[in-house]
Amino acid sequence: MRVTFVSNYINHHQMPFCEAMYERLKEEYCFIQTEPMEEERVKMGWDASLAELPYVRKYYEEEVVCKELIEQSDVVLFGGVEDESYITERLKSGKPVVRLSERIYKEGQWKAVSPRGLLKKYKDHTHYRSKPVYLLCCGGYVASDFHIVRAYPEKMFQWGYFPELVKQDIDELLLKKRSRREREGKFSLLWAGRFIDWKHPEHAIEAAARLKQDGFAFTLTMVGGGEMEETLRALAEQNGLADMVRFTGYLKPAEVRKQMEQADVYLFTSDYKEGWGAVLNEAMNSGCAVVANCAVGAAPFLLKPGRNGLIYPNGRQDLLYERLTLLFREPEHMEALGREAYRTIAGEWNAAEAAKRLISFLQDLTKGGVNPAKQGILSPAPIISPKKMYQYMTNMLEKGKSL
């Protein structure tokens, strides 16, 4: 079975999955990169040496070869590319296509009222609702967005991003965190990402200010950079946090992992514009107790509130603070969350498991049908509106179920 994955460019979040696919399919697997990586991403350390990746082809250098691969492969995976021309002929042919998509209404589902937008969604998606075209939902809100435009009925499945899985003894890792915490007499908080408005790094600083005011001992490490950096530094200074908040600038992915492995708690404050958020996978893999805004796309799929992390409703910084104080007062619970977070990633939400499930899924697809998983990766994606997700997640916890 030949599988070709078409996307804008490969990065360190996609490489583990691609490596796992190549390990299983060998030369029958190919990743077509349609454009060079953005300079901002390169500065963040996302660039990879493509010359060392045997499965990568560059459409902008090998157009004829890439077109043939798209036309002749048994299944084409298509994601991260707005230009539909790459797969237009493939779709018209009726051959299997599996799309990977984040949200189409990150700024709000009210945008679905746009006639021009609806027409494009019909041409790109709804038009093929009865064809062998399936959707892998990279985030908990994707199915709800596409349901609005009546695309992919009963053909939407849970998916995501699968950063490198770092295998380690989780009990030993947690012991190191505890030893550091006891030695220094303070908790370690971590935030990582670009300093831009919809990631809300200011919420981490504001929470730190309240923690200090209430007498908690901690440090907050802010990894990243961007347009809000001066504002954030000023906010920290104004709240007397100069000796408690550390700005590292951008770090390479491996260095960010080291920060996560030293941190007790990871703060994920992005709003609904965070389509997935692979730092959540990485923080969980690093044994952090995560406190995340449920608006983050990855949260509904990865987090079971109270078991492997904590969530709060979008816009409720008071509950973000409440979750943090709970962890500070109950370090045993904090460690339990970190342990289960690690097990979630190591046991299921990783590249090897995703590749195994997807290949089985695609083999069934080429034979005329699909066999969804019962839960987790490649299980049916629930259609839950953004406004109802927090309550839905907490209800699932009470019923002992998961998404």
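Trainee: Which strand is Gly249 found in?
Mentor: Gly249 is part of strand β10; strands (E, at least two residues) and helices (H or I, at least four) are DSSP runs numbered from the N terminus. Before going on: this is a predicted model, where local features need pLDDT of at least 70, side-chain atom pairs count only at pLDDT 80 or more, and totals for chains, interfaces and linings use all residues. Residues are numbered from 1 along each chain as its sequence is written, and side-chain values use heavy atoms, with hydrogens and water left out.

Trainee: What does Gly249 touch?
Mentor: Leaving aside residues up to four places away in sequence, Gly249 touches Met222, Val223 and Gly224, where contact means heavy atoms within 4.5 Å.

Trainee: And how are Gly249 and Asn314 separated?
Mentor: Their C-alpha atoms are separated by 26 Å, and the two residues are 65 apart along the chain.

Trainee: OK, what sheet does β10 belong to?
Mentor: An open sheet of 6 strands, ordered β10-β9-β8-β11-β12-β13, with parallel pairing; two strands pair if DSSP finds at least two bridges between them. β10 (245-249) and β13 (310-312) are at the edges with a single partner strand each, so one side of each has no neighbour in the sheet. From one strand to the next the twist averages 20 degrees; axes are lines fitted to C-alpha atoms, for helices over the stretch in contact, and angles run from 0 to 180 degrees between N-to-C directions.

Trainee: How many bridges join β9 to β10?
Mentor: There are 4 between β9 (residues 218-223) and β10, which run parallel. Leu220 stands opposite Val245 in β10.

Trainee: Which helices lie across those strands?
Mentor: Helix α8 (residues 201-213) lies across β8 (187-192), β9, β10 and β11 (265-268), at about 170 degrees to β9. Helix α10 (residues 253-262) lies across β8, β9, β10 and β11 too, running at about 150 degrees to β8.

Trainee: What's the strand order in the sheet of 7 strands?
Mentor: That open sheet runs β3-β2-β1-β4-β5-β6-β7, with parallel pairing. Its edge strands are β3 (56-58) and β7, each pairing on one side only, and the twist averages 25 degrees from one strand to the next.

Trainee: Which residue in β2 is the bridge partner of Val6?
Mentor: Ile32 is the bridge partner of Val6. In total, 5 bridges join β1 (residues 3-7) to β2 (residues 29-33), and these strands run parallel. Helix α15 (residues 351-366) lies across β1, β4 (75-79), β5 (97-101), β6 (133-138) and β7, at about 125 degrees to β4.

Trainee: Switching topic, how many aromatic pairs does the structure hold?
Mentor: It holds 23; rings of Phe, Tyr and Trp (its six-membered ring) pair if their centres lie within 6.5 Å, with planes under 30 degrees apart counted as stacked, over 60 as edge-to-face and the rest as tilted. Phe17 and Phe162 are tilted, because their ring centres are 6.4 Å apart with the planes at 35 degrees. Phe17 lies in helix α1 (residues 15-25) and Phe162 in the loop between β7 (156-159) and α7, so the pair ties together parts 145 residues apart in sequence.

Trainee: Last one: what lines the largest cavity?
Mentor: Leu174, Lys177, Arg181, Asp264, Gly287, Ala289, Met334 and Glu335 line the largest cavity. On a 1 Å grid over the protein atoms alone, a cavity is a set of points where a 1.4 Å probe fits but cannot get out, and lining residues have an atom within 4 Å of a point. α7 (170-184) and α14 (331-347) each supply at least two lining residues, and α7 gives the most, with 3 residues.

Methods: 1 Å grid on protein atoms, 1.4 Å probe; cavity = no way out; pocket = protein on both sides within 12 Å on 5 of 7 lines; lining within 4 Å.
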